[in-house]
Amino acid sequence: MGGATVLVIDDDRVYGGDIALVLGQHFQVKTCQDGQQALQMVQDDPPDLVLLDVEFGPDQLQGLEILERIRSLDGPPPVIMLSGNHQVATVVRATKMGAFHYAAKPVDLPELLNLIDQALAASQRGRQIQAQKDELGRLTGSFVAGDELTLRL
């Protein structure tokens, strides 16, 4: 999946840059230190995957709020949360909000690459399933939502 685009959103410019440098050997990588700017980037040119820090500085959008806004977009990319904060409540909340996974800083590179590959594969499968549902609906004159099939009269 070498052509995939990964957006790293972390207010720590050095850490985000280090992650980008390493991931750049495997993916196209963009970085952003500001939540509002990152949301605009996701809307304007959606990445295939987002790596998102949980904690940002004061007076900035925090990671869970950024996650919530990304997940509310149409066809959102998978999001892997990154944090030095290992509070179970935060991990659970991020997962319930739709994060693909939650990785602790400092990130183990082979583990992170594996998570990215899993997230990209799951996202691809989801798009394929949706395309098949759309095609089934087109061919049968029905609408498939979730696991329901509704005939259009």
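**Serine 83**

I started with serine 83, which sits in strand 4, residues 79–83. This is a predicted model, so I'm keeping that in mind throughout. Is serine 83 buried or exposed? Its relative accessible area is 1%, and the cut-off for buried is under 20%, so serine 83 is buried. Next I looked up what serine 83 touches, skipping residues up to four places away in sequence. The list is Asp53, Val54, Tyr102, Ala103, Ala104 and Lys105.

**Isoleucine 70**

Then I went to isoleucine 70, which belongs to helix 3, residues 63–71. Its relative accessibility is 0%, so isoleucine 70 goes down as buried too. Which residues is isoleucine 70 in contact with, leaving aside neighbours within four places in sequence? I noted Ile9, Leu39, Val42, Val50, Pro76, Pro77 and Val79. I also checked isoleucine 70 against valine 29: they are 41 residues apart in sequence, and their C-alpha atoms are 18 Å apart in space.

**Aspartate 59**

Aspartate 59 is in the loop between strand 3 (49–53) and helix 3. Its relative accessibility is 85%, and exposed means over 50%, so aspartate 59 counts as exposed. I also wrote down its phi, near 65°, which is a positive value in a residue other than glycine.

**On the way into helix 5**

The loop between strand 5 (101–104) and helix 5 holds proline 106. I checked the peptide bond from lysine 105 to proline 106, and it is cis, with omega near -5°. Lysine 105 was already in my notes as one of the residues touching serine 83. What caps the N-terminal end of helix 5? It's aspartate 108, with a side-chain oxygen 3.1 Å from the backbone nitrogen of glutamate 111.

**Helix 5 itself**

Helix 5 covers residues 109–140, which makes 32 residues. I wanted to see if its length made sense. At 1.5 Å a residue it should span 46 Å, and its end C-alpha atoms are 46 Å apart, so the two agree. The buried residues I found in helix 5 are Leu112, Leu113, Leu115, Ile116, Ala119, Leu120, Ser123 and Gly137. Just after helix 5, glycine 141 has a positive phi of about 70°.

**The largest pocket**

The largest pocket has a volume of about 350 Å³. It is lined by 16 residues, and the closest to its centre are Pro76, Pro77, Pro78, Ser123 and Arg127. Ser123 is also on my list of buried residues in helix 5, while Pro76 and Pro77 are contacts of isoleucine 70. Which element gives the largest share of the lining? Helix 5 does, with 6 residues. By type, the lining splits into 8 nonpolar, 5 polar and 3 charged residues.

**The whole chain**

Last, I zoomed out. How many helices and strands are there in the chain? I got 5 helices and 7 strands. Along the sequence the pattern reads β-α-β-α-β-α-β-α-β-α-β-β. The C-alpha trace spans about 55 × 30 × 30 Å along its principal axes. The chain has 153 residues, and 39% of them count as buried. I finished with contacts whose separation is 6 or more: 57% of those are between residues 24 or more positions apart.

Definitions and conventions
Residues numbered from 1 in each chain as written. Predicted model: local features only at pLDDT ≥ 70, side-chain atom pairs only at ≥ 80, totals over all residues. Heavy atoms only, no water. Helix = DSSP H or I, 4+ residues; strand = E, 2+ residues; numbered from the N terminus. Expected span 1.5 Å × (residues − 1). Buried < 20%, exposed > 50% of the residue type's maximum accessible area, 1.4 Å probe, protein only. Polar contact = N/O pair within 3.5 Å; in protein donor to acceptor, adjacent residues only side chain to side chain. 1 Å grid on protein atoms, 1.4 Å probe; cavity = no way out; pocket = protein on both sides within 12 Å on 5 of 7 lines; lining within 4 Å. Points joined across faces, edges and corners; volume = space filled by probe spheres on them. Nonpolar A, V, L, I, M, F, W, Y, C, P; charged D, E, K, R; others polar. Contact = heavy atoms within 4.5 Å.
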